[in-house]
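Please look through the model below with its aromatic side chains and its nonpolar core in view.

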Amino acid sequence: MEPPPTLHAVKLYVYDLSKGMARRLSPLMLGKQLDGIWHTSIIVHKDEFFYGSDGISSCAPGGTLLGPPDSVVDLGSTEVTEEIFLEYLSSLGESMFRGESYNLFEHNCNTFSNEVAQFLTGRKIPSYITDLPSEVLSTPFGQALRPLLDSIQIQPPGGNTFRRHNGQS
């Protein structure tokens, strides 16, 4: 008889890059209130994984210069082993989530977190995070700023480009 599969917790770290400024400034600029400007990452197998203009990166949980997350969402658990997960990430890093594919509105850290969450748990990340780009772009101010915002490349400092923080690849 085979032993039962090992379950691994999967969490979503949510960081507000505006640190509350979005709530105060968004009604003035966008005509609607935004609760934050979100950066997300996935925590599984004792590491934090995220995507930015340098591609997929990892670090110890809370190990970027962003510090501890503003909130943590429990996404459930996964039976996916660390070995299979790292192979999956390597494949993503060579295809869909290369650094040059990063786009602030359409292919960003939240797109990555959503993709990985579905692979690991079958669940999506909260829609208030994934819907934010379309909310911003639906305003005249968002449309006017789009050319500038499209040129922004975000990579939270403190991670290793798809290398384990303990030196493993």
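Which residues form one aromatic cluster? In this predicted model, the cluster is made up of Phe49, Phe85, Tyr88 and Phe119.

The count of aromatic pairs in the structure comes to nine. One of them joins tryptophan 38 and tyrosine 128, whose ring centres are 5.5 Å apart; their planes stand at 85°, over the 60 degrees required, so the pair is edge-to-face. Tryptophan 38 belongs to strand β2 and tyrosine 128 to helix α4 (residues 127-130), so that the pair links parts of the chain 90 residues apart. The two partners also have their own burial classes: tryptophan 38 counts as buried because its relative accessibility is 13%, which is under 20%, whereas tyrosine 128, at 39%, is partly exposed.

Phenylalanine 49 is buried, with a relative accessibility of 0%, and phenylalanine 85 is buried at 0%.

Phenylalanine 85 also has a place in the largest nonpolar core, which holds 30 residues. Those that touch the most other members are Ile42, Phe85, Leu89, Leu92, Phe112, Val116 and Leu120. At least two residues of this core come from each of β1 (8-16), β2, β3, α2, α3 (109-121) and α5 (132-137). Helix α2 gives the most, with five residues. Leaving aside residues up to four places away in sequence, phenylalanine 85 touches Val44, His45, Phe49, Val80, Val116, Phe119 and Leu120.

Strand β2 (residues 38-44) also carries serine 41. Is serine 41 buried or exposed? With a relative accessible area of 0%, under the 20% limit, serine 41 is buried. Its side chain makes a polar contact with the side chain of glutamate 48, at 2.7 Å. Glutamate 48 is also among the residues that serine 41 touches when those up to four places away in sequence are not counted; the others are Lys11, Leu12, Tyr13, Tyr15, Phe49, Phe50 and Ser113.

Terms used: Residues numbered from 1 in each chain as written. Predicted model: local features only at pLDDT ≥ 70, side-chain atom pairs only at ≥ 80, totals over all residues. Heavy atoms only, no water. Helix = DSSP H or I, 4+ residues; strand = E, 2+ residues; numbered from the N terminus. Buried < 20%, exposed > 50% of the residue type's maximum accessible area, 1.4 Å probe, protein only. Polar contact = N/O pair within 3.5 Å; in protein donor to acceptor, adjacent residues only side chain to side chain. Contact = heavy atoms within 4.5 Å. Phe/Tyr/Trp six-rings, centres within 6.5 Å; stacked < 30°, edge-to-face > 60°. Core = buried A, V, L, I, M, F, W, Y, C linked by side-chain atoms within 4.5 Å.
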